Amino acid sequence: MLTLLWFSRDLRLTDNPALAAAIVRGGPIVPVFVLDDVDAGEWAPGGASRWWLHGSLRALDDSLRQRGVALVLRRGPAEIEINQLLDQTGADAVYWNRRYEPWATARGERLKTALRNRGIEARSFNSALIREPWTVTTQKGEPYRVFTPFWKALRATGVSEPAAAAPKQIPGPATAPESEPLSSWALRPTAPDWAGGMQAMWMPGEAGAQARLDDFAAGAASDYRDTRNMPGVAGTSRLSPHLHFGEIGPRQIWRSITAQALARTGNPMPSGVETYLSEIAWREFSYHLLFHFPTLPEAPLRPEFARFPWADDAKGLAAWQRGLTGYPIVDAGMRELWSTGWMHNRVRMIVASFLIKDLLLDWRAGETWFWDTLVDADLASNAASWQWVAGCGADAAPYFRVFNPSLQGAKFDPKGDYVRRWVPEIGKLPNSLLHSPWEARPIELADAGIHLGRTYLAPIVEHGGARQRALEAFKRIKKG
DNA sequence: TTTTGAGTTGTTCGA
DNA sequence: GTCGAACAACTCAAA
């Protein structure tokens, strides 16, 4: 009686229902991770995600070894690898936690049927969501398409059951099946090694996730409503990559944050905490949308957007990607992304609005870039968020909402800490000009050591005109 | 069935 | 300088 425990993308030992069930079942456990690029197709993890995955797998393997068993690594289509492992180990059960990407859902169903037909016990569990997509419906039994009622439904459920603790010991097999060496997967960049900024900022793995959560719950969570929009302040949890890789689950976060708020204030959900948990709910809502509308990553949810006149502007796209648009807050964000694999949420909205509305470029170009460069790249959140900014999503921004990059910069980075960090070449400008250097007089530019067009770019588009162009384009598809 | 109220994150313009 | 209206209409969720 041996259980194959397939870590699908739930790289943790605490609050892991499949692991807990495998322990209860008794007998030796073979933990396995499959690098399943083939299954994921064009949505196989991008460069930044692969860097993260390397660290997370190493951390998971360390934790497992401390408990008496080693992680088995295999590469290929998951169904084939799991069948091979069944033959090699003689396992009579496979347990795993579910995923919700369209390709993964289909794969899970196929696998479960095939295993059961062979007489293998196949069980899957929920580790990644507070509520799985098919369990949340309107009173008419339909999926939600608007966030607020979805959030109310989720909040009414809450999270009650305690998390399973990580087992102290995990019984392993007499002889472990062969594992591919992690290094052979070449998940980390070598020439050039662009991951230095990520190394400095992140600690992939369950311990790193727990440390971030503890830090946030004890500190910034209570001020979250006020500081979350300030990219120069550490006001957000930065848990997104840990959540993506399942190093921590949303239910652990919910429990921990509300318990600490209750102990501190007598109220489990003061306004900062409620605002934060609503962001966790946005993640859930994204999964809900992806599950019920599986073309979310590829096609606009609102059909009229199929005829949107997107621009063909390779130069504009490249300038945006490199952080060379001449708009300081946009360039700061894109450079933060390139360097650290992450970008502050407020700035994500600003750069996305700029790509879509100022450059009039297809939101899918931004989605693809984020997919490759974000350590937290997540099919559901990424697709849902880009569609939201573009206005073609389920609960979309009105078309006339066009962010003004200099106003946004002045409002949310008033002291300029963020822009000065990532765009140091204009750092000597006074705050009043930092977010709109093109408005500086020649003497002010000279004082700051700036030659516009040489040491820093002049804006690649003029925002006022670009805004008008976008409003007209969006208006046109409305009329049909 | 019909009605009603509401819908993450903004900007500009004119009084 | 401040403030409210306009920007658009439509769809969703629930009573």
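A word on conventions: residues are numbered from 1 along each chain as its sequence is written, while chains are lettered from A and ligands numbered from 1 in the order in which they are written. Because the model is predicted, local features need pLDDT of at least 70 and side-chain atom pairs count only at pLDDT 80 or more, whereas totals for chains, interfaces and linings use all residues.

**Domains**

Chain A is assigned domain 1 (3-128), domain 2 (129-159 + 205-292) and domain 3 (303-479); such bounds come from an automatic or database domain assignment. Between the C-alpha centres of domain 2 and domain 3 there are 27 Å. Where these two meet, 16 residues of domain 2 are in contact with 19 residues of domain 3 (contact means C-beta atoms, placed from the backbone, within 7 Å). On the domain 2 side, helix H10 (240-244) and H12 are the elements that give two or more residues. Helices here are DSSP runs (H or I, at least four residues) and strands are runs of E (at least two), numbered from the N terminus. H12 supplies the largest share of that side, five residues. By class, the side has eight nonpolar, six polar and two charged residues, with Ala, Val, Leu, Ile, Met, Phe, Trp, Tyr, Cys and Pro counted as nonpolar, Asp, Glu, Lys and Arg as charged, and the others, Gly among them, as polar.

**The core**

The largest nonpolar core has 130 residues, and Leu4, Leu5, Val32, Val94, Ile257 and Leu290 touch the most other members. Helix H12 (residues 271-292) gives the most to this core, with ten residues. A nonpolar core is a set of buried Ala, Val, Leu, Ile, Met, Phe, Trp, Tyr and Cys residues joined through C-beta atoms within 7 Å. Buried means 20 or more other C-beta atoms within 10 Å of a residue's own, exposed means 12 or fewer, and partly exposed is in between, with C-beta atoms placed from the backbone. Leaving aside residues up to four places away in sequence, Val94 touches Leu4, Trp6, Ile82, Leu115, Ile120 and Ala122.

**Helix H6**

In helix H6 (residues 147-157), Phe147, Phe150 and Leu154 are buried. Seen down the axis, these buried residues fall within an arc of 65° (taken from the directions from the helix axis to the C-beta atoms), so they line one face of H6. H12 is included in what covers them. The face turned away carries the exposed Thr148, Pro149, Lys152 and Ala156. Just after H6, Gly158 has a positive phi of about 65°.

**The surface near DNA**

Pro149 is also one of the residues around DNA strand C, with Thr138, Gln139, Arg145, Phe400 and Lys475 among the others; near means a C-beta atom, placed from the backbone, within 6 Å of the strand. This surface divides into six nonpolar, two polar and three charged residues.

Most residues other than glycine have a negative phi, and most peptide bonds are trans. Here are the exceptions to look at.

| Residue(s) | Backbone value |
|---|---|
| Asp15 | positive phi, about 50° |
| Leu360 | positive phi, about 60° |
| Ala191 and Pro192 | cis peptide bond, omega about -5° |

Asp15 is in the loop between strand E1 (3-7) and helix H1 (17-25), and counts as buried because it has 22 C-beta neighbours inside 10 Å. Leu360 is in the loop between helix H15 (345-358) and helix H16 (363-373); with 20 C-beta neighbours inside 10 Å, Leu360 counts as buried too. Pro192 is found in the loop between H6 and helix H7 (196-201).
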